[in-house]
Amino acid sequence: MTRPCISVSLRAAALHSKQEDEYFNMSSDDGELENQAELEEKTRLINQVLELQHTLEDLSARVDAVKEENLKLKSENQVLGQYIENLMSASSVFQTTESRSKRK
């Protein structure tokens with residue numbers, strides 16, 4: 001009488017083991033798919049971060065170049081402004097009316 005119980009127990013154990021194996025395989029497949037999806041997402045995010053870093057570097061370089069050009073133009077404007085002032089002070093056309101009346 002114990003034999004049928006053992007037989008039933010072995011069948012139940014085998015069935016249970018088979019179900020666990022199938023679940024494990026399905027879980028492994030799901031796990032692999034999830035890992036692959038996570039890996040792809042991480043790769044996409046890393047690539048996006050790298051692209052943004054390159055863009056930031058390019059923009060920083062452009063800002064530096066514009067600042068440098070701005071300083072050059074300011075310096076040139078100062079030189080031109082001084083030159084124009086010197087020309088105007090040397091010309092009688094730009095003298096004030098007071099200075100003209102003093103000359104007469």
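This report walks through the helices, salt bridges and nonpolar surface of the chain shown above.

The model is a predicted one, in which local features need pLDDT of at least 70, side-chain atom pairs count only at pLDDT 80 or more, and totals for chains, interfaces and linings use all residues. Residues are numbered from 1 along each chain as its sequence is written, and side-chain values use heavy atoms, with hydrogens and water left out.

**Overall picture**

The protein chain has 2 helices and 0 strands; helices (H or I, at least four residues) and strands (E, at least two) are DSSP runs, numbered from the N terminus. Of its 104 residues, 0% count as buried. Here buried stands for under 20% relative accessible area, exposed for over 50%, and partly exposed for values in between (1.4 Å probe, protein chains only). The accessible surface of the chain is about 10000 Å², and carbon and sulfur atoms hold 59% of that. Such areas are computed by the Shrake-Rupley method with a 1.4 Å probe, and for residues only the protein chains shown count as cover.

**The annotated stretch**

An unreviewed UniProt entry carries the annotation "coiled-coil region" for residues 42–76. UniProt positions follow the numbering used here, feature names are shortened, and annotations may be inferred rather than shown by experiment. In the model, this span is 100% helix and 0% strand, with 51 Å between its end C-alpha atoms.

**Salt bridges**

Side chains of opposite charge can pair when their charged atoms come close. The structure holds 2 salt bridges, each defined as a side-chain nitrogen of Lys or Arg within 4 Å of a carboxyl oxygen of Asp or Glu.

| Pair | N to O distance | Separation in helix 1 |
|---|---|---|
| Arginine 44 and glutamate 41 | 2.8 Å | 3 residues |
| Glutamate 68 and lysine 72 | 4.0 Å | 4 residues |

For arginine 44 and glutamate 41, the separation is about one turn of the helix, and about one turn also lies between glutamate 68 and lysine 72. Arginine 44 counts as partly exposed because its relative accessibility is 43%. Glutamate 41 is partly exposed at 37%, and lysine 72 is partly exposed at 45%.

**A nonpolar patch**

Which residues make the nonpolar surface patch of about 620 Å²? They are Tyr83, Ile84, Leu87, Met88, Val93 and Phe94. Patches are made of residues with over 30% relative accessible area and no salt bridge, joining like charges within 9 Å and nonpolar side chains (Val, Leu, Ile, Met, Phe, Trp, Tyr) within 5 Å. Isoleucine 84 sits in helix 1, which covers residues 2–90, and its 46% relative accessibility is why isoleucine 84 counts as partly exposed.
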